[in-house]
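Here's a quick walk through one chain, from a single residue out to the whole fold. Have the viewer open as you read.

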Amino acid sequence: MINLDAPIIPWIGMGGIKLYSHISELKSLLESEKVEYFLYDKFLVRYEIKGKIYLFFNLINGKLFKITTLKEYRGLLFDEIYVGQKTEDMLNVDTSFEYDEFEEVYVSDKGVFIETEPETETVKWISVYIKELETEAFDRALW
């Protein structure tokens, strides 16, 4: 069961789900929820628990490397940032966010990506991920 009110904790997880979890640990969750999956690389898969969260796994080691909120998620990042919040307010809460033009997300070196909705200028998704994401160790599934 996903706790949609649980805090969003960079480098750790959200919804009661921890990064680095093995897919076998989350099998019952994936079977009990309405889930779709998308293979977006030979070895990377994203499970969507409808309206709640995305879970990203590396198929080589079977581990969870990123979790992303969807519209039903109500938990807070840094006790103040939430899905649907005005982008300006989000940026006032934490000044570590910088906009990445290529990825079109706000990035913090604290372990968070935030995608915003340009038309409404609100937070669309909040993602937490493992520290190894941008390293060679990630590519080789050595984490």
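In which strand does Met14 lie? Met14 belongs to strand β1, residues 13–14. Before going on, note that this is a predicted model, where local features need pLDDT of at least 70, side-chain atom pairs count only at pLDDT 80 or more, and totals for chains, interfaces and linings use all residues. Residues are numbered from 1 along each chain as its sequence is written, and side-chain values use heavy atoms, with hydrogens and water left out.

Back to Met14: its relative accessible area is 1%, so this residue is buried (buried is under 20% relative accessible area, exposed over 50%, partly exposed in between, with a 1.4 Å probe and protein chains only). Skipping neighbours within four places in sequence, Met14 has contacts that include Ile53, Ile67, Tyr73, Ile126 and Val128 (a contact means heavy atoms within 4.5 Å). Gly62 is 48 residues from Met14 in sequence, and their C-alpha atoms sit 19 Å apart.

Gln85 is found in the loop between β6 (63–69) and α2 (87–93). With 6% relative accessibility, Gln85 counts as buried too. Beyond residues up to four places away in sequence, Gln85 touches Glu80, Met90, Val93, Glu121, Thr122 and Val123.

Now the charged pairs. The whole structure has eight salt bridges, meaning a side-chain nitrogen of Lys or Arg within 4 Å of a carboxyl oxygen of Asp or Glu. Here are some of them:

| Pair | N to O distance |
|---|---|
| Asp5 and Arg74 | 2.8 Å |
| Lys50 and Glu36 | 3.2 Å |
| Lys124 and Glu117 | 3.8 Å |

Lys50 is partly exposed at 30% relative accessible area, and Glu36 is partly exposed at 43%. Lys124 is likewise partly exposed, at 30%, while Glu117 has 22% relative accessibility and counts as partly exposed. Glu117 and Lys124 also join Glu115 in a network of salt bridges.

Zooming out, the chain has three helices and ten strands (DSSP runs numbered from the N terminus: helices are H or I with at least four residues, strands E with at least two). Their order along the sequence is β-β-α-β-β-β-β-α-β-β-β-β-α. For 143 residues, a compact globule would have a radius of gyration near 15 Å, and the chain agrees with its 15 Å; the radius is taken over C-alpha atoms, and the globule rule is 2.2 Å times the number of residues to the power 0.38. The C-alpha trace spans about 40 × 35 × 25 Å along its principal axes. Buried residues account for 46% of the 143.
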